Structure formats: C-alpha cells, structure tokens
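Please read it alongside the model displayed below.

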Amino acid sequence: MAQPGIPAARGAAAGLQAQNGAASASGSPYTNGPVQNTLMSSQVSSSQGYDSQLPGSYPRLMPAKTLTPFSAQSNFGGSQGSGQTLNRPLVASNPVPPPVHSGPPRMPLSTSQNPAATPMPSGSFLPGANPPPPLNWQYNYPSTGPQTNHFPHVAQPTVSGNTNLTADHQYVSSGDPSLQTSFIKPGSALPLQNPPLPTTFQPGAPLGPPPAGGLPPDRGLRPQKTPPRAALPPSLNPAVNQEGITAIANNGSMVAHSTYDEIEGGGFLATPQPINQNSKPSRSVGYAYPSLPPGYHNTAPPSAAGLPPSSLNYPSGPQAFTQTPLGANHLTASMSGLSLHPEGLRVVNLLQERNMLPSTPLQPPVPNLHEDIQKLNCNPELFRCTLTGIPQTQALLNKAKLPLGLLLHPFKDLVQLPVVTSSTIVRCRSCRTYINPFVNFLDQRRWKCNLCYRVNDVPEEFMYNPLTRVYGEPHKRPEVQNATIEFMAPSEYMLRPPQPPVYLFVFDVSHNAIETGYLSSVCQSLLDNLDLLPGNTRTKIGFMTFDSTIHFYSLQEGLSQPQMLVVSDIDDVFIPMPENLLVNLNESKELVQDLLKTLPQMFAKTLETQSALGPALQAAFKLISPTGGRMSVFQTQLPTLGVGALKPREEPNQRSSAKEIHLTPSTDFYKKLALDCSGQQAAVDLFLLSGQYSDLASLGCISRYSAGSVYYYPSYHHQHNPVQVQKLQKELQRYLTRKIGFEAVMRIRCTKGLSIHTFHGNFFVRSTDLLSLPNVNPDAGYAVQMSVEESLTDTQLVSFQSALLYTSSKGERRIRVHTLCLPVVSTLNEVFLGADVQAISGLLANMAVDRSVTASLSDARDALVNAVIDSLSAYRSSVLSGQQPGLMVPFSLRLFPLFVLALLKQKSFQTGTNARLDERIFAMCQVKNQPLVHLMRTTHPSLYRVDNLSDEGALNINDRTIPQPPILQLSVEKLSRDGAFLMDAGSVLMLWVGKNCAQNFLSQVLGVQNYASIPQTMTDLPELDTPESARTITFISWLREQRPFFPILYVIREESLMKAAFLQKLVEDRTESALSYYEFLLHIQQQVNK
Ligand SMILES: [Zn+2]
C-alpha cells in the first residue's frame, strides 16, 4: 500500500469518507475538521518520500502493480498480451445501442412574447417583495459571532493581522519532526483546530505534502539568513530595462509593459492593449471628502509644488531620508492629493436620475492617496478592494453594511513586468512581507514594514541599485519602485527541483463522444499547437482515452508507431508500462503526431456507450502523480461506470423554481480525487461537451479543488453546431499556448489589524491562508473577504500584498508580488465615497454562489437584494441629514442597484424556465473563477449602436482605428427599428438588426440585399471592401481580443431563435420572472425608507 509516490490516495480517501459521513448530517459535505489529522499523517508520510525520492530526477514510483495481474484478468491489449498496435479491437461486450444524440443546436428557449412589452403586475415577482426576516448578510464580522455562518471564520491563533506568522507554522500540523523543522517556526507547531463553520463551501483542510517550495519558512524568530558570501552587486534580469522599471508611473492605469513574454515564453502573445482605453486621469468618481475631520484641515493645498517630500518621493541620494514616522507624513501625503470633484460628492436620487450608466467603460475608483503614492500603486486590474477607503474599525464597517474584500487577477498576462534576479530577496523578518513601494525607509540602513511595522535592516546587497549602478540608493531599487514585480527565486524557495511541464490529455471516446466529432477538432488543435505548448526540453506529454475501459498509449522513443494498451479492470485501475506513457515531447514528437492523426479514426465505429470517467481519472492521477502537471479531461456525458458514476438529477419542471435542489455534488468522489491531485501538484481542467445533463455540480469539483478550469460547450456537435466548433478551436488555442505556472502557492498578506478569511476561486486552502495551486493560469481570478480585527486608528495607510510562488514552464522558480496601498478612513461618509461598486458586486456574486449552495438559491437572491437595501439604509440614516424623498444614494453606489438587479438576472441566480441546471452551475463556476472584468461583462453587458460607427473618438492601436461607440442602457427603449445594436455579453456577442435598418448597413456590413435576406442563422460577418464593414469588424475583433475565451457572434433579426436571449439580457426591462429596473428601485426605496 505505502507506495511512496501515491500513498495518500487511499489513506486520504478513508479519512475523507469518515469526514463526509460526519459532515453530511450537518448539511455540508465539506468541512476540514475531523479529517485533518488523518490526512496529515498520511500526507506527512508521503511527503517524507517526496523529499527524499525526488531530488534531481523523477523516479517512476508508479506501478503499484507489476504487469502480472492483467495477464490473469485484465483485458490488456484485448487480452492478447501487450504490444498491441493501434488497431484497437472493437469492444463490443456491452452492445448497448447508441443514445439518441443529435438534433439541432440548442438555443435558449424563446419566451412567448417580447418580455419588455408585456405588462406585469408591478413588484410581484421580486424575491423579498414580502421580504423574509432579513438575512443580514453580515460580512463576516467577528463581532457578530455565532450567527454568521456563511463564511468560515477560521479563528486564527493570533489576530494581529500578521497572517503569515499565524500561517506558516501550520503547513504541517503534526507528524514528521524533520518536516516541522523545515516548515515550522520552532516551538509553535499548533495543529489547526478551527474548522470553518459548517455551512461554507470553502475547501478547508490542509492536505497534501508540504508545497513544493511553499513560501519559504517563517524565520521570524531567527536571524535573517544572510548569505555568507560577500555581497555581490545584484543583477537585474537582462530583460528588465530602465523602461520596464520606470514605466509603471502612470497611476492605476498602468499600461502593461512588455518584456515578460520573451522571458517566460509560452506562446500566447498578449495583444498589447492600453488597459484603460479611456484613461482620462480621473473620472468623476469622487475622491474628495466633504467633511474632513479636524485633523485633516491643515493639510497642504492640492498642488504638486511645495509639498513636503512624501515618504515615497525620494528626491535623490541618501540625504533624502527625512521622513517623520509613518503617521503624520503619510497623512500629509494622503490628503494633499485631494482633488475636489463635485460630481463624486453628489447624492443621487435614482428615482429621478435613471440614466446613471456612463457612456464609456466604468473605471475603478482611484484611492484617495497622494499622487506620489498612487502613481506607484498596483493596477486595479490585478488587485483591487471593494472599499478604497478602509474603515478604521469593524464597527464602522458594520455600519456601512458593505462587504470588505479583495479581487485579484494575480497571474494576468502582462506585456511588461519587471523581473529581479538577486541572491537576496528582501522580506520583513517578522511577517515575511516582500519589500515594496509602501514601506518606510527610516534611514539608509533600516526600513519599516508596512504590514507589521517591524523595523528591518537593509541588506548590504540591497544598497546597490543595479539600474543606476549607484551605491546607497535602496529606495530606488526596482523592488521599491514597482507594486507589481517578479523575483527569480533562489533554491530556498523550493523543496524539490522545479518540476518539468507535464501535460496529460484524457479523451472520452465513447459512442456519444465520437458522435459529437470533437476528437478530430481537439487532435487537430493539438497538432497545430504542439510546438507552442509552454515548456522546454523537459516537457512531457501523454494521452489516455476511455469508454467502458481505459486505454493508454505507449509513445516510447524508438517505436515505429504508438502502442495502445487497454485496461479493462476499471475497479482496480493500474498503469501498464508507466515509463512509456508520459514521454519527453521532443524525443517522441513524431509518435505523438502519429497518434494525434490516428486517434480520431480509431474509434469511429465504436458502439460502446458507457463512460468510466472516474476510473480513468484515477488512472490519470496515478500516471501524473510522480511529477505533477496538468490533466486536460474531455467528457461528453454523464459518467456511468465504476467509481464516480452519476445519475441524472435534473428535473426540468423544477427549473423555474428558485429552490434549486442540485447545486451540490452528488458524490464526494471528484472532490477527494481533486485533493489527491492537489497533493501531488496536479490540476485537472475539465472540458465538458454535452447536450445532456452531465451533473457539472459533481464533475466540476475535480477542477475546482485542484485549481483547474472548467470549459463547457453545451450541445457541441461538429455539424449541427459549427459555431461551437469554432469556439472550441479558438479557446483551445488559447488554452494550449497560454502561460502556465506549476506547483504554485499563493498567500495574501495585509496590514496588522486586518484579517483575511474567506477565499473564492479554484484552489485548495492548504493552511489558514495558503492557497494551493497545482497549476496557475493567466485567466483565473480570485476573491477574498476581510474583516477589521483591530482598530486602525493609529495608521493612515494599509497595504495588501499577494505573493504567488510558481514554477514556470521553463523550470524557473519565480515569485510574482503585487502590493496595493489604501487609505484608512474614519467616517461613514468616507467609506461610502470610496466604495468600488464593481468590486462590491463581484464579491457579492461570489458570496451568493456560496449561499446558493449552502442554503438555497432564493436565499442567495434575497441576500443580494438585502445587501443593497442594508447599505442604502445605512447611508440614509447615518450620512444623509434629514429625510429626503426618493432613493438617495452616494454617487459611488449609483450603479449598485442596477448591478445587483443584473446579478439576479444572470444565469447563476436567475429564476425562470430557461435555466438549465448545468448551465447554471457553469455560470456559478465562472463567477468564482473569472477575473472581475469578465464577471461584470457577463453580468451587465455593454450595448452599442453600430449601424453608424464613426472614427470620432476612436482608439488608434498599431495602425488600427477602433471605433468607440457610446455604451447604452440595457433597455429596449434604447433600440430603434432603424438601427443595428451590438450587445457584448462577455461570452457571447449579439448583433440585433432592426426591421427598418438602413440599407447602407445591410449591404455594406452584412452583405445582404435587404432585411428579409438576412439568414436565420448568421454567426459571421463577411469581410467586405467597405469602410463600414472594416469598422464593424475591427470593433468586434477588438472586443474579442480582450478576453481569453471566444465569444460567438449571433446576428439577430425579428424571427431569430436568439432574440429571446437578447431581450433577456436587457436587464433594465421587465422579464417574465423579474422586475424592471424602475420597479426594482421602487422596491428598494420602499425598504430603505421604512
Ligand atoms: Zn512585516
């Protein structure tokens, strides 16, 4: 049993079994309490082997069995012994007729009428029209204690906010002492005692071996390790040039810079885009505070000249260190940057001003910081906070009734990124924060940590600035000039040699799968992109297929063609010839190409309808676990055989009900296997291509907990649904070639006094705050919730820092660090003024997904509505003086009701008959895993009129002129029959053409004679030699380029099947089951003014 490479599997399974049994009584499948020690002990033993067996090479620890067993019972190579070539015998042991599968591509069901035109009794459909007792979505305030149960308030052993200190010693809670010494602060080996509260859906228990090079051990109590060698001048990576370092000087609108891809490679060519195409330096989201507390009044006027040097404005040379202690200096710095924007101070009556949607993309608010600080701040696309003014106490936060949290896109493709190679990475000795632009230099030799306030020494090496080649300028080092930076990690950041890139592909080849025709698409895509897979000479690749049996492919160098090996014992899966199944891509490239060319035909005549997905995943796990890596699993139906088999659960007539019953997994098999994968540094990406219910709620766990991604192509069919084929191809291209990080961990730290608790995204929480990410990809987003644990009255600034440690596809260990700095505020009005409505809506959406799963969909919907009511009530009663009529909201929250209404109509949370269960689950997966920008676009689409595009105000990028039509409100009122309107809903683009649309547009853009000749199904625009065509196509391609997935374009006319879907997304209008925006406002007003 105790095979060193794969020992945890059964031990862990047993532990989880017990755990889940116990937990099911309380309604939650996932807790991390009782299981931990069971798991830890087995994990520790595995990690012993991990350390000792993996140095340098990756011994194949695989075969738990030798080849003997299958001679007895397994149908290995069709029971004719090994060495079968690719002529696979037809497996016809189960002659079940193929399922009826086909039919036209499914379109969203059409509603019978134009919902916008259907009068409905007002207010009657809103959940909460007769509001249940308020759900009080308390945002995780420790003070509310026991009754808040929607987040795991993992009580931390210390509450200093110094999350690193409390966490590092929890890598390993017990077990092998030798591991403790390397992972644990001496004498503080506390086992994790506090499981998350039962109703959370958060992955919990520490599991798995210590991270392959987790963030380095806490050395808080030891002297910092200084290299014994003489201090060498640090070298910057050659790719970092002066430009790269200084270019991040442009406030939050840092335009991504351009050197990273050259270094990292990986094939994906990030299109250089100005990130804020409308980057006016400050939009009128207000950052001027109307009533300043007394202490604020004596600040310097907001002029750049004559300011005292801010702590970060190092004039030059060592003599610049004149700063006073943190407080006063930063206060000055922070307040002198005020720009009085009357607009931002405005109180808006939403019932009177119904059109608050800006006509250009909504920009994130700019924190109210001195410009010298703000210009160094992290780009909000990478890291942003729901409140850009942090309430100084939890009581103040409680009063505001707004959620406090961070939204991250930590591994986003950056065109330019400073990369530092230095033998000493300077970090705080107490809390391990990386030195960053917001620390204080007390003098040349000492810096004060901005998270825990410890005073640290500046290492000798850091005194030299490689950019200027000047000694004595620690404050000018790139680490102190860039809020986003990457370090090449020295060996102390790894526990084993960096793993090679390993890609394992697992294909469903059942009859159903073959029918869809997906396999040839995928194989072709792989052939096309084989040389672009991120990697190096160590890259390994392997393939498996499965139906009722599991098939492996030997690609051993020297074979004349690939060999197929069939294992039919799916109850006790083993790996034949493990050493030849995952092979070096370079050495076996021809065999790999042979296989990819042959594979689609091999199963063309299969009659096998069964799907043994679970056993296939187990086999894939065994195959990949010696190294870790990425599994890409393609599945087209409900798994029917062996472990992990699932049953249909969807009942179509319950779709309309808000009491969704099957949002939770029906088995914990996929989660357990995902945790095993996570422990071995393997992630699973699931591609589900299915026209039928496939229980994504269960299947998705395999990706969720292993830090993978889920892709979903409902009704994929190579003939009936050609746009899905195009979508899959485009998305595979991105998937196969995008950057990838292996064996990653991420930790988020924050200034003492703040505490991070609930995490959202695809990962596994290894210890209190260490996220385990066997793979990290540039398209994944994360969110966390926070609370204020100690009063922040003594500080004016707080900082947040995320550190992502990963192995690049080139085998380098790297650390990407983002640091965000925000001001602390002391009044409710300031909290409201600094609210970031997009971030708030995004965080609420994440919380609502959890609530849907742990309670119910209607609970989640009510909670969303209550979030608006509670915060606006708080604003009304505490900030506004006197009772004003109408619905008064601070300017910063003017879109809050609209975005929440849009969330209620989003696929994740909508009611109504056209919400298929798998589609809803997929939408929920997207909420949890997408960066904020994509989530918001999916939730509140952008509508443009496009029949009159002009070059006025257009963007000019790389010789392309991209029209920028104004964004319109999402209402049928904005449409007109003589126009054409494009809706960008993130994953889909819909071009609605009015009946009386101008002839010019029809002929010059659509290439048709008249309205009647627009095809029923049109998903592409012809490239015509007209300026109108060029403008439209450029605009659409530009929209598409901005996302990692490929939105299909549908041209919609009066009779189109997609028309209902289009109207459904006009969120300001009433639909069959939801209020119009105006009705929603009336409801909110009623509740607020109670
Ligand atoms: Zn510190």
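In which loop does D695 lie? D695 is placed in the loop between β19 (682-688) and α18 (696-699). The model is predicted: local features need pLDDT of at least 70, side-chain atom pairs count only at pLDDT 80 or more, and totals for chains, interfaces and linings use all residues. Residues are numbered from 1 along each chain as its sequence is written, and side-chain values use heavy atoms, with hydrogens and water left out. Helices (H or I, at least four residues) and strands (E, at least two) are DSSP runs, numbered from the N terminus.

1. **Surroundings of D695.** With a relative accessible area of 0%, D695 is buried (buried means under 20% relative accessible area, exposed over 50%, and partly exposed in between, with a 1.4 Å probe and protein chains only). The side chains of D695 and Y693 are joined by a polar contact of 3.3 Å. A polar contact here is a pair of N or O atoms within 3.5 Å; within protein, one must be able to donate a hydrogen and the other to accept it, and residues adjacent in sequence count only if both atoms are side-chain atoms. If neighbours within four places in sequence are set aside, D695 is in contact (heavy atoms within 4.5 Å) with L638, L646, K647, R649, S666 and D918.

2. **Strand β15.** Why is strand β15 (residues 550-554) described as largely enclosed by the rest of the structure? The description holds because 5 of the 5 residues of β15 are buried. In a regular strand, side chains alternate between the two faces of the sheet. Both faces of β15 are covered, with I550, F552 and S554 buried on one side and H551 and Y553 buried on the other.

3. **Partners of β15.** Strands count as paired if DSSP finds at least two bridges between them. Strand β14 (residues 540-546) pairs with β15 in the antiparallel sense over 3 bridges, and a hairpin of 3 residues joins β14 to β15. Across this pairing, M544 stands opposite F552 in β15. Strand β16 (residues 563-567) also runs antiparallel to β15, through 5 bridges, and V567 in β16 is the bridge partner of I550.

4. **Helix α17.** Helix α17 (residues 669-679) is mostly covered, as 11 of its 11 residues are buried. Among the buried residues are K671, K672 and D676, together with F669, Y670 and L673. Just after α17, Q681 adopts a positive phi of about 65°.

5. **The β7-β8-β9 sheet.** An open sheet of 3 strands has the order β7-β8-β9, with antiparallel pairing. The edges are formed by β7 (440-443) and β9 (455-457), each with a single partner strand, so one side of each is left without a neighbour in the sheet. From one strand to the next, the twist averages 35°. Strand β8 (residues 446-448) pairs with β9 in the antiparallel sense over 3 bridges, and K448 stands opposite V455 in β9.

6. **Packing of α23 against α30.** Helix α23 (residues 857-878) packs on helix α30 (residues 1077-1088) at an angle of about 50°, with the axes 9 Å apart. That makes α23 oblique to α30 (angles under 35 degrees count as roughly parallel, over 145 as roughly antiparallel, 65 to 115 as roughly perpendicular and the rest as oblique). Residues of α23 including V865, I869 and L872 belong to the set that meets α30, where the set includes F1080, I1084 and V1088.

7. **Position of P890.** P890 is in strand β28 (residues 888-890) and is buried, at a relative accessible area of 1%. P890 and V347 are 543 residues apart in sequence but 4.8 Å apart in space, C-alpha to C-alpha. Neighbours within four places in sequence aside, P890 is in contact with R346, F832, L872 and Y875.

Notes
Axes fitted to C-alpha atoms, helices over the stretch in contact; angles between N-to-C directions.
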